[in-house]
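Please work through the following exercises with the sequence and the coordinates open side by side. Each task is followed by a solution that goes step by step.

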Amino acid sequence: MDSPNGAIPKKPRSWSRSLPFLTDILGNSLSDRLLFAVPKKGRLHQACLDLLHGSDIQFHRHSRLDIALVKNLPIALIFLPAADIPTFVGEGRVDLGITGQDQVAEHECVVPPTETTGVTEVLDLGFGKCLLQVQVPEKGVLAEPQDLIGKNVVTSFTNLTEQYFRRLERLLAEQTGNAFDAASPLKTKIKYVGGSVEAACALGVADGIVDLVESGETMRAAGLKAISTVMSTTAVLIKSKHPSNPELVDLITARIKGVITAQKYVLCTYNIERTRLETAMKITRGRRAPTITTLEEEGWVAVQVMVERKDIAVAMDRLTAAGAEDLMVIKLENSRTGSG
Ligand SMILES: Nc1ncnc2c1ncn2[C@@H]1O[C@H](COP(=O)(O)OP(=O)(O)OP(=O)(O)O)[C@@H](O)[C@H]1O
Ligand SMILES: O=P(O)(O)OC[C@H]1O[C@H](OP(=O)(O)OP(=O)(O)O)[C@H](O)[C@@H]1O
């Protein structure tokens with residue numbers, strides 16, 4: 001897929017139906033609606049549907065149709081590949097979107113943001129966490145990213161990979177006192193594949209790859225090892241520079257923030273003797289401060305406090321050791337908090 005002039009070939013765009021065409025199907029139902037792009041498949045799809053459900057954004061998606069009208073808000077959801085969402089939001093064709101920071105960065109390599117175009121990151125959604133890494137065969141002789149200079153590198157992120165190797169080639173030229181011509185093609189040959197990138201080395205198409213790693217299982221199973229990290233990424237809510245309805249964007253942001261916070265925290269309640277309260281409060285400080293209520297029983301108080309879900313087991317162990325009794329942990333359905 002290398003192009004003759006050394007330019008990186010564009011990814012194929014799988015979303016071929018244009019908004020005017022969809023408007024024809026749906027009559028005028030798109031006008032006056034905020035357009036919100038959601039990944040139509042892949043790793044982020046289900047988490048986004050859960051987020052919409054938690055935010056009470058109700059819709060019915062007809063099969064094969066990549067657009068769904070929201071029943072209870074003036075919003076239309078547009079289902080797009082995660083890789084295409086920065087383009088649509090960046091050009092202001094769609095107001096809001098969810099995609100990975102990696103996809104935003106890949107897009108911005110080719111279309112740098114300006115004052116009026118490009119996307120603004122509104123919220124880190126916490127899921128879709130992974131690393132974009134340079135990987136090589138575990139058993140091979142390649143050990144450092146510079147060993148790949150002049151070799152074949154396969155990836156779905158051709159622009160970020162080009163940027164990475166351009167920096168590396170420039171750095172190496174500077175270190176060795178050689179001239180680096182920014183206009184000349186890269187020595188490293190970067191090839192695009194749309195998926196199953198990890199197979200490229202075993203099939204002899206690549207000496208190394210640049211791909212996403214979450215648990216590391218795919219990489220291990222393919223006999224690869226990471227030798228460098230290009231970037232870390234999570235899913236983000238993005239908006240265009242001039243959304244059609246900024247108030248509605250703020251409302252959706254607040255709702256989604258509430259769901260994310262509710263997923264991140266649990267409510268912990270316990271009873272404790274007032275004399276031991278100071279120790280207990282050091283264990284569970286809360287988001288702002290714990291709520292303390294006096295119990296009918298002399299010298300005892302009840303405590304209500306938000307605790308990060310990932311810390312709750314250890315917190316309960318320590319609270320019990322500090323004399324807390326009747327501990328309960330309650331899952332939060334939704335939340336609205338002062339400072340996010
Ligand atoms: N293993 C992973 N763990 C967490 N997040 C991931 C992982 N793989 C991808 N992502 C995130 O999800 C985004 C979309 O990647 P994914 O490969 O799922 O999309 P896709 O190419 O549209 O789907 P598919 O691979 O099913 O064709 C990535 O850009 C990244 O932000
Ligand atoms: O570190 P892990 O937890 O194993 O995850 C990493 C894998 O997940 C992604 O691919 P995905 O499964 O989405 O399919 P794809 O190869 O078709 O993109 C990514 O491209 C890796 O292959």
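This is a predicted model: local features need pLDDT of at least 70, side-chain atom pairs count only at pLDDT 80 or more; totals for chains, interfaces and linings use all residues.

Residues are numbered from 1 along each chain as its sequence is written, and chains are lettered from A and ligands numbered from 1 in the order in which they are written.

**Exercise 1. Locate ligand 1 relative to the domains of the protein.**

Step 1. Begin with the domain assignment, which gives domain 1 (19-127 + 235-261), domain 2 (130-233) and domain 3 (265-331); such bounds come from an automatic or database assignment.

Step 2. List the shell, counting a residue as near if its C-beta atom, placed from the backbone, lies within 6 Å of the molecule. There are 15 residues around ligand 1, and Gly-42, Arg-43, Ala-82, Gly-100 and Glu-214 come nearest.

Step 3. Because both domain 1 and domain 2 give residues to this shell, ligand 1 lies between them.

**Exercise 2. Describe the shell around ligand 2 by its nearest residues and by the elements that supply it.**

Step 1. The shell of ligand 2 has 15 residues, of which Gly-195, Glu-214, Ser-215, Glu-217 and Thr-218 come nearest.

Step 2. Strand E9 (208-213) and helix H6 (217-221) each supply at least two of the shell residues; here helices (H or I, at least four residues) and strands (E, at least two) are DSSP runs numbered from the N terminus.

**Exercise 3. Which residues have the most contacts inside the largest nonpolar core?**

Step 1. A nonpolar core is a set of buried Ala, Val, Leu, Ile, Met, Phe, Trp, Tyr and Cys residues joined through C-beta atoms within 7 Å. A residue is buried if 20 or more other C-beta atoms, placed from the backbone, lie within 10 Å of its own, exposed if 12 or fewer, and partly exposed in between.

Step 2. The largest core has 52 residues, and Phe-36, Ala-37, Leu-77, Ile-78 and Leu-237 have the most contacts inside it. Helix H7 (residues 246-264) gives the most to this core, namely 6 residues, and domain 1 and domain 3 each contribute at least three.

Step 3. Leaving aside neighbours within four places in sequence, the contacts of Leu-237 (C-beta atoms within 7 Å) include Leu-96, Ile-98, Val-122, Thr-253 and Ile-256.

Step 4. Apart from this core lies another, of 22 residues, with Leu-132, Phe-157, Leu-168 and Ala-200 among them.

**Exercise 4. Are Asp-56 and Ser-196 buried or exposed, and where do they lie?**

Step 1. Asp-56 is found in the loop between helix H2 (45-54) and strand E2 (67-69), and Ser-196 lies in the loop between strand E8 (189-192) and E9.

Step 2. Asp-56 counts as exposed because it has 12 C-beta neighbours inside 10 Å, and Ser-196 is likewise exposed, with 12 other C-beta atoms within 10 Å.

Step 3. Turn to the backbone: most residues other than glycine have a negative phi. Asp-56, however, has a positive phi of about 55°, and phi of Ser-196 is near 45°.

Terms used. Two residues are in contact if their C-beta atoms, placed from the backbone, lie within 7 Å.
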